[in-house]
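Here is a short report on how the parts of one protein chain pack together. Look at the sequence and the structure first.

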Amino acid sequence: MVSVKKIQKVVVLGTGGTIAGTAASASEQVAYTAAQLGVDQLMAAVPGLDKVLDGRQLLVEQVAQLDSKDMDHATWQLLACRCAHWLAQDDVGALVITHGTDTLEETAWFLQSVLQPHKPVVMVCAMRPASSDEADGPQNLRDALVVSAQPSAAGVCVVCAGVIHSARDVQKVHPYRLDAFSSGDAGPLGWMDRGQVQWSSVYARTALQTATLANSVMTFDVQQWPAVEVVLSHAGAGRRVVDALVQTGVAGLVVAGSGNGTVHHVLQAALKDAEQAGVRVRLSTRCIEGRIVGSSRWPDMAGLSPVKARISLMLELLAESSV
Ligand code: SIN
């Protein structure tokens, strides 16, 4: 009897970014417009595509086409729905998502928190536009496809400049250089070495979110998602921002504290008042590396950056409002 190997599919979802950007000339790497080329055009530029697919079937879908500085909750909702749709298909082995670098870490954390996928979801980007004669997108896409085929891979990760980062730890740390991302103290999940993946550790699988949360994220009108904002503690900080946010009915506040999560006393007083008024307050740090140690006035978010802590608090409040 001949055994028929089931052909696995890999689905590449396009959302825009510099990886899909174009400039007026091939030498231009700064003055360009993001999100111009379709995901099918990006795939056509991947070197050795057939070899890297190695028999897997490639499907592409353009979910959005934007500069990721303009990412919004409605696009996140749509992207989560499309990811859930494809991940539910037995013959889909992995997803790859092309995305701008500017808010990539937020989308990665959002998708990981909501979907907790058991299949690999590999996010990929570029620092130079597709029209550049030194474009980094095609190689990054090739690497992402290799990572997406790894049997040990699961969950959302980010591939850029030959480095594989977890959704939880990745942060953009440089505005221009090709290797623009860091996983800080945690370190990357792995690296590309002569076209092969070298893992530094296995993918960590965090606790599964309830199906209720995923359902709420995908079905609630995004206007009903709890309003959560980030406020910054700094020299001379006042209370105006917090008071104004409370007035507008904010549901949660993440304070980006200085150092080990310290908060200016004036801002702290405003946050205590906000809490009294029913606003959920969480603490993070402005420090780019490390995490808050010791006890603090408000629960910290276990080392999440302020923008990722905002997402986690929003999802926490959303989960509570949907039970
Ligand atoms: C974007 O984030 O969409 C533009 C910048 C980039 O991708 O590097």
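This is a predicted model: local features need pLDDT of at least 70, side-chain atom pairs count only at pLDDT 80 or more; totals for chains, interfaces and linings use all residues.

Which residues of helix 3 and helix 4 make the contact? Helix 3 brings Trp76, Leu79, Ala80, Cys83, Ala84 and Leu87. Helix 4 brings Glu106, Thr107, Phe110, Leu111 and Leu115.

## The nonpolar cores

Nonpolar side chains tend to be buried together in soluble globular proteins. Here, the largest nonpolar core has 49 residues. Leu13, Cys83, Leu95, Phe110 and Leu111 touch the most other members. Domain 1 (9-205) and domain 2 (226-321) both give residues to this core, so the core lies between them.

Take Leu95. Leaving out residues up to four places away in sequence, Leu95 touches Val11, Leu13, Cys83, Trp86, Leu87, Pro120, Val121 and Val122. There is also a second, separate core of 27 residues. Among its members are Val39, Val52, Cys157 and Val159.

## Helices 7 and 8

Helix 7 spans residues 240-247, and helix 8 spans residues 265-276. They pack at an angle of about 15 degrees, with axes 8 Å apart. Helix 7 is therefore roughly parallel to helix 8. The crossing here is right-handed.

Val242, Asp243 and Val246 make the contact from helix 7. Their partners on helix 8 are Leu267, Ala270, Leu271 and Ala274.

Definitions and conventions
Residues are numbered from 1 along each chain as its sequence is written. Side-chain values use heavy atoms; hydrogens and water are left out. A nonpolar core is a set of buried Ala, Val, Leu, Ile, Met, Phe, Trp, Tyr and Cys residues joined through side-chain atoms within 4.5 Å. Buried means under 20% relative accessible area, exposed over 50%, partly exposed in between (1.4 Å probe, protein chains only). Domain bounds come from an automatic or database domain assignment. Contact means heavy atoms within 4.5 Å. Axes are lines fitted to C-alpha atoms, for helices over the stretch in contact, and angles run from 0 to 180 degrees between N-to-C directions. Helices (H or I, at least four residues) and strands (E, at least two) are DSSP runs, numbered from the N terminus. Angles under 35 degrees count as roughly parallel, over 145 as roughly antiparallel, 65 to 115 as roughly perpendicular and the rest as oblique. A crossing is left-handed if the near helix is turned anticlockwise from the far one by less than a right angle, and right-handed if clockwise.
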